[in-house]
Amino acid sequence: MSEKIHKIAVIAGDGTGPEVIQEGLKVLAAAASKFNFQYQTEIFDFGAQHYLQTGQTLTTEDLEALRRFDTIYLGAIGAPSVKPGILEQGILLKLRFAFDQYINLRPVKLYDQRFCPLRDKAPEDIDFVVVRENTEGLYKGMGEFQNKETPSEVAIQVSYNTRKGIERCIRYAFEYTRKRNKKKNLTLCGKTNVLTYAWDLWRRTFEDVAKEYPDIQTDYAHVDATCMWFVRHPEWFDVIVTDNMFGDIITDLGAMIQGGMGIAAGGNINPEGISMFEPIGGSAPKYTGKNVINPLAAICALAMMLENLGETQAAKTIEEAVIKVVKERLKSLAAGKMGYSTSEVGDLVVDNL
Ligand code: IPM
Ligand code: MN
């Protein structure tokens, strides 16, 4: 419990975003009264509809408005009615960059063996966290076309990596591994054998920072091998640190082995600033408005947000309620197959708080 009133900006967004956010807000209200904390929310309507009506994704004034909040709770961005990339870059990536949310934290945790596609893997085998760098690498948007639309066209896409950017990410990962206090093992996931500029700097930085954390074991895995081990030996991992692009890819694989997009949550974190929490699954257009999408990823994102706001007990209790609902009630974690509707799953979590 804290005295502070948490100011939460809510961007429900596109597709099933609003449906899952609604369930998250239901759980938030229940948790606030149970754990006695106060909060205010304000809904922002950024997304496809707003863009189609106004031609704007996110303006400087919008960013200024968001700066008045302690945190951001995001549903999903992206819709078939808008050309791919416009909303993703204009809203989601813009927010990550504007608020310098340099960590993308993605826990990969299996709650129930029934929902794991890997044979013989149980919850104790799949419990690790990916720390993805979130503001640099290939996502920086650096590059150019040469000889555009001619037979000799060249497209150059640059991976931009700064010592500072890498170091703050790696340092966060070491601190996180220490605090997590499980295997105390941090794996650097990269591609030192091919990307010899970027990954040489990552490797050197990792080795330098590691000296300050003698209590943490370290190892290194190439990104392709990491994919292999996620499937073969997920129990080897504790915390993994990687760049933006590799982190994007391996966390989708991670989401699958933890039971799918219905349960996978993430945090875009600026440890010194405004963070943003989201289910990582996207807007799922084909399930929109049907009350069938799984809201648990959004509810897990809410728990991560509360943890980040210092409401540790509420966060823990929400996660425990989610685990109970997953284990005792749900037939599946997939949209339309849960045995319950979206709003019923939200109610079940509230009942189990
Ligand atoms: C994610 C998403 C985004 C990313 C897209 C929507 C821009 O896939 O959060 O992982 O690539 O980071
Ligand atoms: Mn992704």
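Modeller: Helices (H or I, at least four residues) and strands (E, at least two) are DSSP runs, numbered from the N terminus. This is a predicted model, in which local features need pLDDT of at least 70 and side-chain atom pairs count only at pLDDT 80 or more, while totals for chains, interfaces and linings use all residues. Residues are numbered from 1 along each chain as its sequence is written, chains are lettered from A and ligands numbered from 1 in the order in which they are written, and side-chain values use heavy atoms, with hydrogens and water left out.

Biologist: Where does Asn147 lie, then?

Modeller: Asn147 belongs to the loop that links strand S6 (137–146) and strand S7 (154–160). Its phi is near 50°, which is a positive value in a residue other than glycine. Ala284 also has a positive phi, of about 40°, although it is not a glycine; this residue is found in the loop between S12 and H9.

Biologist: Is Asn147 buried, exposed or partly exposed?

Modeller: Buried means under 20% relative accessible area, exposed over 50%, and partly exposed in between (1.4 Å probe, protein chains only). Asn147 has a relative accessibility of 43%, so it counts as partly exposed.

Biologist: How should I read the sheet, and in what order do its strands stand?

Modeller: Strands of a sheet pair through backbone hydrogen bonds, either parallel or antiparallel. Two strands pair if DSSP finds at least two bridges between them. Here 10 strands form an open sheet with mixed pairing, and their order is S2-S1-S3-S12-S11-S4-S5-S10-S8-S9.

Biologist: Which strands stand at the edges?

Modeller: Strand S2 (38–44) and strand S9 (217–222) do; each has a single partner strand, so one side of each is left without a neighbour in the sheet. On average, neighbouring strands of this sheet are turned by 20° against each other, direction ignored. Such angles run from 0 to 180 degrees between N-to-C directions, with axes being lines fitted to C-alpha atoms, for helices over the stretch in contact.

Biologist: How many bridges join strand S11 to strand S12?

Modeller: Four bridges join strand S11 (residues 265–269) to strand S12 (residues 275–279), and the two run antiparallel. One example is Gly267, whose bridge partner in S12 is Phe277. By contrast, S8 and S9 pair in the parallel sense, over six bridges. Asn185 has Gln217 as its bridge partner in S9. Between these two strands the chain passes through H6, and this β-α-β crossover is right-handed. A crossover is right-handed if, with the strands pointing away from the viewer, the path from the first strand over the helix to the second runs clockwise.

Biologist: Which strands does helix H7 lie across?

Modeller: Contact means heavy atoms within 4.5 Å. Helix H7 (residues 223–232) lies across strand S5 (127–133), strand S8 (185–190), S9 and strand S10 (239–242), and runs at about 105° to S9. Helix H9 (residues 296–308) lies across strand S1 (5–13), strand S3 (71–76), strand S4 (103–109), S11 and S12, at about 160° to S12.

Biologist: What does Thr342 touch?

Modeller: Residues up to four places away in sequence are not counted; Thr342 then touches Glu19, Glu23, Asn291, Val292, Ile293 and Pro295. Thr342 is in helix H11 (residues 342–351), and its relative accessible area of 1% makes it buried.

Biologist: How many aromatic pairs are there?

Modeller: A pair of aromatic rings is described by the distance of the centres and the angle of the planes. Rings of Phe, Tyr and Trp (its six-membered ring) pair if their centres lie within 6.5 Å; planes under 30 degrees apart count as stacked, over 60 as edge-to-face and the rest as tilted. The count by this rule comes to 12 aromatic pairs. Tyr172 and Tyr176 have ring centres 6.2 Å apart and planes at 20°, so this pair is stacked. They are four residues apart in helix H5 (residues 163–180), and so about one helical turn separates them. Tyr172 counts as buried at 18% relative accessibility, whereas Tyr176 is partly exposed at 22%. Trp199 and Trp202 form a stacked pair, with 4.9 Å centre to centre and 25° between the planes. Both Trp199 and Trp202 are buried.

Biologist: Which ring does the charged end of Arg132 sit over?

Modeller: A charge sits over a ring if NZ of Lys or CZ of Arg is within 6 Å of the ring centre and within 35 degrees of the ring normal. For Arg132, the ring is that of Tyr139, with the charged end 5.0 Å from its centre.
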